[in-house]
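Colleague: I am just starting to read protein structures. Please put this one up, and let us go through it together.

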Amino acid sequence: MTMTVPAQGHSAKDRPKDEMKETPNEVPNRDLSHSDSHLDLDTPEKPYLDANELIINMGPQHPATHGVLRVILKLDGEKVLGTECVIGYLHRGVEKIGENRTYAMFNPYVDRMDYVSAVSNGLGYCEAVEKLLDVEAPARAKYIRVILAELNRMASHQLWLGTHALDIGAMTPLFYTFRDREEILKIFEKYCGARLTTHAFRIGGCQYETYAGFEKEVKNFLKFVAPKIDEYEELLTTNRIWLQRTKNVGVISAADCVALGVTGPVLRASGKKWDLRKAQPYAAYSEFDFEVPTGENGDTYDRYLVRMAEMRQSLRIIEQAVNGIPEGPIMAKVPKVIKPPVGEIYHSIEAPKGELGFFIVSDGSIQPYRVRVRPPSFVNLQALDLMVRGLLVADVIAVIGTIDIVLGEVDR
Amino acid sequence: MPNFITSYFGSTLTPGAAGNQFWALVYVFVIFTGVSVAVMAMNWLERKALAHFQIRLGPMRVGPHGLLQPIADAIKLALKEDIIPSEADQFIFWVAPLIGLLAAFTVYTVIPFGPSEAVSDMNIGILFMLGVSSIGVLGIVVAGWASNSHYPLIGALRSSAQMVSYEVAMGLAVVSAVLMTSMNEKGTGTLSMIGIVQAQQQQGIWFIFKFFPLGFIAFAIFAIAMIAETNRAPFDMAEAESELTAGYHTEYSGLRWSLFMLAEYAAMIAVSSIAITVWLGGWMRPFPNLLRAPAWGFIFSLFPGLTFAGLAAIAVIGTIRMPSHSFFKVQRMGLAGFAAVLGLIAFLLLVLAVAGRSPDASVAARFNAGIGYVYWFVLKIAVFMYLFIWYRATWPRYRFDQLMRVGWKVLLPISLGVLILTAIAGVVVS
Amino acid sequence: MNPMMHTVAPMTMMSPGMAPVATPFFFYMLAGLAIAGGVLVIMLRNAVHSALSLIVTLLAVTGLYLMLYAPFVAAVQIFVYAGGIMLLFLFVIMLVNIDRAAKDRRFNRMWPIGLAAGCGLFALFVSAFVKGRALFPDRMMAMSESSNTQQIADLLYGNVDRMGQYRMGPYTFAFEIASLLLLVAILGAVIMTKKKI
Amino acid sequence: MSHELNPAVPPLPEGEKKPVAEKPVAAAAAKPAANSEGPVPMPWTSPLAEKYRNRYGSGVEALTYLGQNYLVVDRSLIPDILRLLRDEEQFDYCVDITAVHYPKREKQFDVIWNLYSYARNERMRVKTQIADGASIPSSVSIWATANWLEREAFDMFGIRFDGHPDLKRILLPEDWKGHPLRKDYGILQQDQEWVQINLGIESGQ
């Protein structure tokens with residue numbers, strides 16, 4: 001009856017087993033030295049009553065692992081003793097591809113990493129190459145970039161909210177968020193012809209001028225979506241079951257976040273007010289007035305609230321940007337063949353999921369010598385083990401949802 | 001006509017009580033068919049209602065407004081390959097859905113759709129219902145075990161623990177209502193389903209309003225526990241699709257899987273009928289004690305016909321609003337036909353209501369009364385079914401430990417308290 | 001056919017105004033089911049199969065209770081044993097490592113004693129059966145062959161009431177003692193299983 | 001090599017009305033006036049750089065390029081310097097750990113730590129060079145986040161990190177042969193044997 005999961009090569013190194021005795025809703029006192037996920041999966045002798053430890057394989061085909069994440073759970077009844085993430089099922093070697101494409105050719109590939117926020121990926125990559133070339137996009141292009149990136153942040157958060165709520169068992173928000181995300185995708189489609197993998201930007205600016213009525217449509221969307229966010233909140237924010245399922249679940253402190261390199265809403269929800277748009281402004285973000293919402297407890301509920309607040313802040317930014325969008329060219333003077341000088345650059349932006357960085361090494365040729373992507377989902381996912389130890393199986397689902405991972409980005 | 005057929009006419013007993021096996025079999029057959037059809041209708045209704053909660057259309061392709069979708073689904077499921085995992089326990093895997101189904105359908109023998117519109121009246125009816133419906137979970141548990149897979153096993157464990165915990169609160173809530181039945185001159189209560197409704201009739205009050213708010217609290221406890229008992233959202237721990245893929249029926253497919261669904265929906269209707277029988281006056285029409293005049297009886301007896309007329313009108317409007325494209329020709333005809341059938345039923349019911357008005361026409365009157373009982377009972381069930389769908393569309397899922405906490409630490413003490421207070425109130429009043 | 005229907009059928013058939021139908025048939029069928037289930041419980045290797053056989057036995061016994069005009073006991077049998085206790089049995093059995101349990105010896109060394117005890121019990125039953133007719137001849141007559149429908153109706157419908165009266169009357173003390181015993185058992189179970197209280 | 005691009009003069013569009021985001025001052029400063037090959041790394045002068053240069057002498061080289069600072073550190077100094085950077089200089093957030101492969105060099109790999117300080121709102125990189133087959137001390141004890149990042153570097157480049165709690169492949173299958181981000185690993189190359197055994201197909205291409 002007990003199946004030993006064929007795990008991918010677990011050495012039989014013995015690590016001290018976490019003895020988590022807390023009840024699930026208490027904040028466990030965690031020791032970071034065990035955060036590396038190592039499960040002792042090879043139990044030689046099955047005990048007669050093996051109710052105590054159950055090893056269960058969640059994914060890669062599982063409805064709530066947001067793609068092809070595989071989590072091996074070691075359970076005591078339903079209590080999680082430890083987890084091990086097995087990733088790489090969607091590995092496409094994006095970084096290797098980057099070394100074999102020209103700078104411009106690689107641009108659409110980055111859209112395929114975090115495919116629910118393709119615009120942000122493109123923005124990060126284009127700005128990194130621009131930095132390497134030492135050119136700067138024109139102001140109008142920057143404004144367009146901000147508008148689209150913030151729309152994309154909304155879309156990403158809406159998708160997160162829908163799937164997260166679905167994971168916790170609330171079916172209905174999914175359809176509400178998808179209805180509203182559709183409006184964003186329509187704007188993307190009208191702007192660049194694609195809905196998901198947009199490839200909206202070019203190195204040096206934007207390829208396309210905004211279409212006629214772009215500003216009006218964006219403004220209409222802002223008016224349309226503001227009450228919809230209240231609608232989501234109405235369904236969930238004060239819902240008793242939602243509160244019970246999310247409060248004090250998957251707690252992570254700010255110090256743990258920093259140590260684990262966790263960024264984005266997860267970091268902010270644990271109380272650290274840090275947003276790259278404020279800390280190291282890129283594009284045109286320094287010109288807008290917006291808040292960085294933070295939480296207090298670092299639990300799933302705070303992360304939910306932070307993301308909801310971020311949606312509202314995105315609306316503020318878009319409103320300012322669309323009202324103040326300057327006239328002018330949308331493309332800087334960039335050579336047809338992009339051939340940066342020898343050197344290396346790191347540039348990062350605040351993607352919806354956290355800090356998305358591009359480290360590009362140029363050898364002076366038309367292809368990057370090395371493109372390193374610093375994926376927020378990948379790094380944030382590392383905190384899963386810390387966040388779920390001592391919780392229940394149902395909480396693992398909630399925490400996977402609340403970290404907001406996209407496996408395309410985790411595996412690249 | 002043979003005596004065993006005609007002798008039952010005019011009897012005020014259930015066929016079981018009258019000892020008429022022929023009519024008992026007829027009733028069994030009618031209930032079996034009726035429940036199966038109701039489950040199909042419920043399936044369609046759930047998909048449609050859920051879809052409209054979620055700004056979708058739901059099934060629209062098979063038949064007008066997807067009306068034939070459940071039939072298409074049933075055919076598809078029946079024809080699907082029946083997969084039994086090689087590592088599964090073959091026999092138990094095979095028998096598990098049947099256990100659940102048998103338990104779910106067996107309880108219908110004592111559900112009183114009317115004072116004589118039940119297969120049988122047992123003096124332990126309510127205990128029988130609770131007991132047999134608790135057997136249904138055995139099917140779920142052994143199904144989860146027999147699948148020999150982890151997710152079904154966890155689903156089965158959850159299901160059994162959940163069922164044991166909620167049955168206690170459920171039973172205590174029912175007991176407090178049973179106490180209320182003893183509030184008569186003789187001081188004798190009853191466990192019979194029909195007796196409980198008749199007690200409400202005699203006391204002139206639905207038990208939900210009796211000793212307000214005690215009856216209401218007991219009802220609320222039962223209403224919560226029955227959702228847990230039937231594994232529905234927000235207590236659908238056993239088949240939580242985001243956690244356990246599909247819970248106990250992960251490994252099931254085809255007909256066997258559909259038997260689980262059939263059992264689940266049949267059980268939903270069954271527990272709703274317990275709630276209706278015990279607290280909501282069973283087959284009684286609204287205000288039978290206040291609106292006593294025969295005219296009121298006539299007005300209420302028009303309701304079934306009017307309901308069907310309303311449904312027919314909706315179908316007619318749907319036919320008219322259908323796009324006048326040749327693609328929709330068949331659908332149009334189908335919906336028009338559906339409207340015609342509904343209209344015919346409405347007409348017959350209205351004629352019967354008028355014919356049964358005069359007390360002389362005893363067979364028609366009796367028939368008319370029977371239709372009225374069944375109508376009100378089914379209407380109340382429909383409200384409950386809608387609530388089930390509504391809950392599912394609105395609430396997130398409880399976590400397992402929270403569910404147990406609610407069961408043991410909230411519902412159980414409250415139901416005990418209600419039981420004691422009801423007893424005290426009963427003594428004080430009498 | 002639905003096995004539950006059998007258990008219901010005798011009850012409904014013994015209603016007033018109706019002579020019992022095929023009583024011996026149902027009796028022997030249910031008795032046979034109960035014995036077959038009981039034998040299977042100890043013969044089957046798989047614990048879950050055994051548990052299911054035990055459920056069959058319990059349901060058959062439920063039917064027998066109904067035939068003895070003890071509907072309340074029958075209902076409690078379903079409610080408590082088949083529904084509640086067997087569920088917990090299964091709950092525990094499912095967590096046991098079946099692979100290993102199947103390899104274990106089915107009968108331990110005590111089997112001769114068990115066999116002897118079984119034979120003794122069987123002899124007791126036979127003697128009770130033979131002598132029992134002489135012990136309670138009137139009652140047995142009254143039960144099975146009485147044509148007095150009113151008496152049967154009293155038996156049928158007064159059953160639960162009488163049960164309650166006995167319980168709250170002459171047997172209150174015994175009842176409370178039993179419940180105290182159960183309470184102690186519950187406390188013991190909690191203390192034994194809970195690691196930290 | 002012809003360069004149409006002169007990075008010293010960033011092409012600004014005409015008719016610029018809105019103010020553009022200010023360029024980093026350091027970037028302009030770092031740019032040498034006349035260099036057709038683009039900017040070159042310049043020595044980085046800052047208290048931090050001075051401090052480490054003084055403490056470790058020639059083992060540390062502090063450079064800046066396009067406004068981004070980095071230390072090139074001798075391999076033997078890596079554990080000390082990383083720990084000091086975290087403890088003394090508040091570089092408490094390890095953004096990334098990665099590597100670059102230069103097959104023609106004697107020490108083939110650049111290992112790069114990308115650090116950020118929340119307190120100072122400042123980024124820097126630490127680089128070191130190691131030879132193929134050489135190992136490098138793990139920084140998991142310094143930043144917990146290094147765990148997966150080092151596993152990825154091991155997976156992609158075959159760089160061993162001493163003292164890593166669970167150094168194994170992360171993105172590729174456990175028994176895959178080869179490290180794909182090495183320059184000698186072709187873009188169409190794959191572990192044929194693994195593909196045939198595990199996927200049951202002739203080729204993944």
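Colleague: How far apart are the end C-alpha atoms of helix H13 of chain B?

Modeller: Helices (H or I, at least four residues) and strands (E, at least two) are DSSP runs, numbered from the N terminus. The expected span of a helix is 1.5 Å times one less than its number of residues. H13 of chain B (residues 303-321) has 19 residues, so it should span 27 Å. The distance between its end C-alpha atoms agrees with this: 27 Å.

Colleague: At what pLDDT do side-chain atom pairs count?

Modeller: pLDDT is the predictor's confidence in each residue, from 0 to 100. Residues are numbered from 1 along each chain as its sequence is written, while chains are lettered from A and ligands numbered from 1 in the order in which they are written. This is a predicted model, where totals for chains, interfaces and linings use all residues, local features need pLDDT of at least 70, and side-chain atom pairs count only at 80 or more.

Colleague: Within what arc do the buried residues of H13(B) fall?

Modeller: A residue is buried if 20 or more other C-beta atoms, placed from the backbone, lie within 10 Å of its own, exposed if 12 or fewer, and partly exposed in between. In H13(B) the buried residues are Pro304(B), Gly305(B), Phe308(B), Ala312(B), Ala315(B) and Thr319(B). They line one face of the helix, because the directions from the helix axis to their C-beta atoms stay within an arc of 95 degrees.

Colleague: Which residues are exposed on the other side of H13(B)?

Modeller: Here is a handy rule: an α-helix has 3.6 residues a turn, so residues three or four places apart point the same way. On the other side of H13(B), the exposed residues are Gly310(B), Ile317(B), Ile320(B) and Arg321(B).

Colleague: Which element of chain B has the highest mean pLDDT?

Modeller: Chain B as a whole has a mean pLDDT of 83, with 94% of its residues at 70 or more. Among its elements, the lowest mean, 67, belongs to helix H1 (residues 3-6), and the highest, 89, to helix H9 (residues 214-229).

Colleague: Is Ala103(B) buried or exposed?

Modeller: Ala103(B) sits in helix H5 (residues 90-106) of chain B. Two residues are in contact if their C-beta atoms, placed from the backbone, lie within 7 Å. Setting aside neighbours within four places in sequence, Ala103(B) is in contact with Val132(B), Ser133(B), Ile135(B), Gly136(B) and Gly139(B). Because it has 27 C-beta neighbours inside 10 Å, Ala103(B) counts as buried.

Colleague: On to chain A. By how many degrees are neighbouring strands turned in the sheet S1-S2-S3?

Modeller: Two strands pair if DSSP finds at least two bridges between them. In chain A, S1-S2-S3 is the order of an open sheet of three strands with antiparallel pairing. Its edge strands, each pairing on one side only, are S1 (54-58) and S3 (79-86). Neighbouring strands in this sheet are turned against each other, on average and with direction ignored, by 20 degrees.

Colleague: Which residue in S3(A) is the bridge partner of Leu73(A)?

Modeller: Strand S2 (residues 70-76) of chain A runs antiparallel to S3(A), and seven bridges join them. In S3(A), the partner of Leu73(A) is Thr83(A).

Colleague: Which helix packs on this sheet, touching S2 and S3 of chain A?

Modeller: This helix covers residues 393-403 of chain A, and its direction makes about 150 degrees with that of S2(A). Axes are lines fitted to C-alpha atoms, for helices over the stretch in contact, and angles run from 0 to 180 degrees between N-to-C directions. The helix that packs there is H14 of chain A.

Colleague: How many residues of S6(A) are buried?

Modeller: S6 (343-351) is an edge strand of another open sheet in chain A, with the order S6-S7-S8 and antiparallel pairing. Both faces of S6(A) are covered, with buried residues including Ile345(A) on one side and Tyr346(A) on the other. The strand is largely enclosed by the rest of the structure, because its buried residues number nine of the nine.

Colleague: How many residues are in the hairpin that joins S6(A) to S7(A)?

Modeller: S6(A) and strand S7 (residues 354-362) of chain A run antiparallel, joined by nine bridges. In S7(A), Glu355(A) is the bridge partner of Glu350(A). The hairpin joins the strands through two residues.
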